[in-house]
Amino acid sequence: MFAVLLITVVLCFVLYLKHRQKYKFADNLPGLRPVYPILGNGDIMLGKSDVQRFDTMVNICRNHDRLVKVWAGPRLLLFTCHPDLIQQILSNPDCTEKPFLYKFAGFGQGLFTAKHKVWRGTRKRLNPCFNQRILHGFIPTFANCARRMAEKLNELSDGATVNIHKYTTLCTLEMACGTTLSSDILQREGKEEFVEGLDVAFNGAARRMVSVHLYPDFVYQLTKYYTEIIQARKVVVDFFNQLISERRNFLDLDRQNNNNDNDEGHKLKCLIDELLSVSENGSTFSETQIVDNIYAVVTGANDTSGLLIAHACLFLCFYKDIQEQLYREIIEHIPNEETDLSPDVLKQMVYLEMFLKECLRHCPVAPNVARENMTELAIDGVTVPPGNIFVMNFYALHRRKDVWGPNADLFDPLNFSEERSKHRHPFAYLPFSGGSRICIGWRYAMLSMKVMLIYLIRNFQFDTKIRPEDMRYRHDLTMKLPFDHMVQIIKRKATTDLK
């Protein structure tokens, strides 16, 4: 017994020395207190609500101007919200690795969670699916989906109060499936369950990221959270598999009917067609890669854009003068149903662009992003060995008073006027992250959200009993409220459908 105890003590001591040596570089960095053995700073999240967890993540950065060390159990995380440091991390080609935290989201072969070696080749091949020519071709689909959303809302009684997120998220799901998957899901069974599955999958991943005791797989698999997330992912995968099967059958039939088409390899393809095709060098995507990348893109389009527009509707309620200014601009550029929703018309709506950007400043797509350095990195006077994790909080970044001024917490679309923007730090505003791993669909998202706002604002006025000071957020992979987006829909008297 004594020998076993002695061996255990020696092993623990050796592990302690290795741990100290591994993280010795961070000795002089500020850190959170207290630090407990094994648990680290994990107590800051234990017993907290999701809202408190969100606030804790933000305050870590707000209370430390530059790098600050946080212990997630025995693992070191380096937090920051400083634009200089974020630029240095996201612009470095050797900082494009996603750390272990992202594996909790599942779908590891997709662009969102893939390790660097997988991501690099996939991103290069899928980039053409989001070029400007293809995106501009999506505008009619965006318009049709937004029109259907407006029609559903118009079926309600004037002055009805609804959870607007239920409408915006289904609209963005229809947009995503109609464009990236070439599938109309309006009448498809299971789309509501699919949206619920996405929410459970996102919540489960976010919960595990901040729960050190759930990091070990053997522990996590004993919890109810594991069962919930497995069931939710099955719903999502089954939904995608049906769409993939239908598109594959369509493409096979199309190829049979067009045997003489030798230019197929040079045609611009939508996402699903590229995933199902053979590249010029003969490579193909595996079934896992196909499903995981569709998940990455469709959920990115659906969960983030639908959520942002629901937030935007609340901002419209809070600031009625902004709501009316947007309405006047929309009527000016789209006076009647004969006016096409073209790229040029959308570009002319400057105030709409500023409003949308300000919504994204307050509600960035992902409040936190993490990267792992693959080589040694000299940053902020510290030489960081490879394999360390940087966590960047964009919510705190977007509210830095040294960047955005003394009124950084206020909502003001003029923050994105040409005059205010011209000297701003290039990495002070990162609604879709930044660097080479910036969201592949950010231009897609901006176009689709503009179209949705045009239809909503042209058809309705919005009001709510929710107050601006109620806008707190809960910890998740995306910016979510702890309550529903309940808004009153007031029909505008003189309105026409958009083409």
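A polar contact here is a pair of N or O atoms within 3.5 Å; within protein, one of them must be able to donate a hydrogen and the other to accept it, and residues adjacent in sequence count only if both atoms are side-chain atoms. This is a predicted model, where local features need pLDDT of at least 70 and side-chain atom pairs count only at pLDDT 80 or more, while totals for chains, interfaces and linings use all residues. Residues are numbered from 1 along each chain as its sequence is written, and side-chain values use heavy atoms, with hydrogens and water left out.

**T464 and its polar contacts**

Let's start with T464. Its side chain reaches the backbone nitrogen of I466 at 3.1 Å, and the T464 side chain also reaches the backbone oxygen of M486 at 2.7 Å. T464 sits in the loop between strand 8 (460–463) and strand 9 (486–491); helices (H or I, at least four residues) and strands (E, at least two) are DSSP runs, numbered from the N terminus. With 17% relative accessibility, T464 counts as buried; the cut-offs are under 20% relative accessible area for buried, over 50% for exposed, and partly exposed in between (1.4 Å probe, protein chains only). Setting aside neighbours within four places in sequence, T464 is in contact with L314, C317, F318, M486 and V487, where contact means heavy atoms within 4.5 Å.

Now for some helix packing. Two packed helices are described by the angle between their axes and the distance between the axes. The axes are lines fitted to C-alpha atoms, for helices over the stretch in contact, and the angles run from 0 to 180 degrees between N-to-C directions.

| Pair | Angle between axes | Distance between axes |
|---|---|---|
| Helix 6 and helix 7 | about 155° | 9 Å |
| Helix 6 and helix 19 | roughly 35° | within 9 Å |
| Helix 7 and helix 19 | roughly 130° | within 11 Å |

Helix 6 covers residues 139–154 and helix 7 covers residues 164–180. These two are therefore roughly antiparallel to each other; angles under 35 degrees count as roughly parallel, over 145 as roughly antiparallel, 65 to 115 as roughly perpendicular and the rest as oblique. Helix 6 passes helix 7 in a right-handed crossing. As for handedness, a crossing is left-handed if the near helix is turned anticlockwise from the far one by less than a right angle, and right-handed if clockwise. On the helix 6 side you'll find T141, F142, C145, A146, R148, M149, K152 and L153, which meet I164, Y167, T168, C171, E174, M175, G178 and T179 in helix 7. The residues of this contact split into nine nonpolar, four polar and three charged. The classes work like this: Ala, Val, Leu, Ile, Met, Phe, Trp, Tyr, Cys and Pro count as nonpolar, Asp, Glu, Lys and Arg as charged, and the others, Gly among them, as polar.

What about helix 19? Helix 6 passes helix 19 in a right-handed crossing. From helix 6, the contact uses I139, F142, A143, A146, R147, M149, A150, L153 and N154, and from helix 19 it uses Y444, L447, S448, V451, M452, Y455, L456 and N459. That makes 13 nonpolar, three polar and one charged residue in the contact of helix 6 with helix 19.

Helix 7 and helix 19 complete the trio, and they are therefore oblique to each other. Helix 7 passes helix 19 in a right-handed crossing. Here T168, C171, T172, M175, A176, T179 and T180 of helix 7 meet Y444, S448 and M452 of helix 19. The contact of helix 7 with helix 19 has five nonpolar, five polar and no charged residues.

I294 lies in helix 12 (residues 287–318) and, at 0% relative accessibility, counts as buried. Not counting residues up to four places away in sequence, I294 touches L181, F240, I244, L271, I272, L275 and T299. I294 and A176 are 118 residues apart in sequence, with 9.9 Å between them in space, C-alpha to C-alpha.

Q325 belongs to helix 13 (residues 320–333) and is partly exposed, with a relative accessible area of 34%. Between Q325 and L352 there are 9.1 Å in space, C-alpha to C-alpha, and the pair is 27 residues apart in sequence.

The loop between helix 1 (2–22) and helix 2 (50–62) holds P34, and the peptide bond from R33 to P34 is cis, with omega near -5°.

Which value does phi of D380 take? It is near 55°, a positive value in a residue other than glycine. D380 lies in the loop between strand 5 (377–379) and strand 6 (382–384), and at 31% relative accessibility D380 counts as partly exposed.

S433 has a phi near 70°, again a positive value in a residue other than glycine. This residue is in the loop between helix 18 (418–421) and helix 19 (442–459), and S433 counts as buried at 10% relative accessibility.
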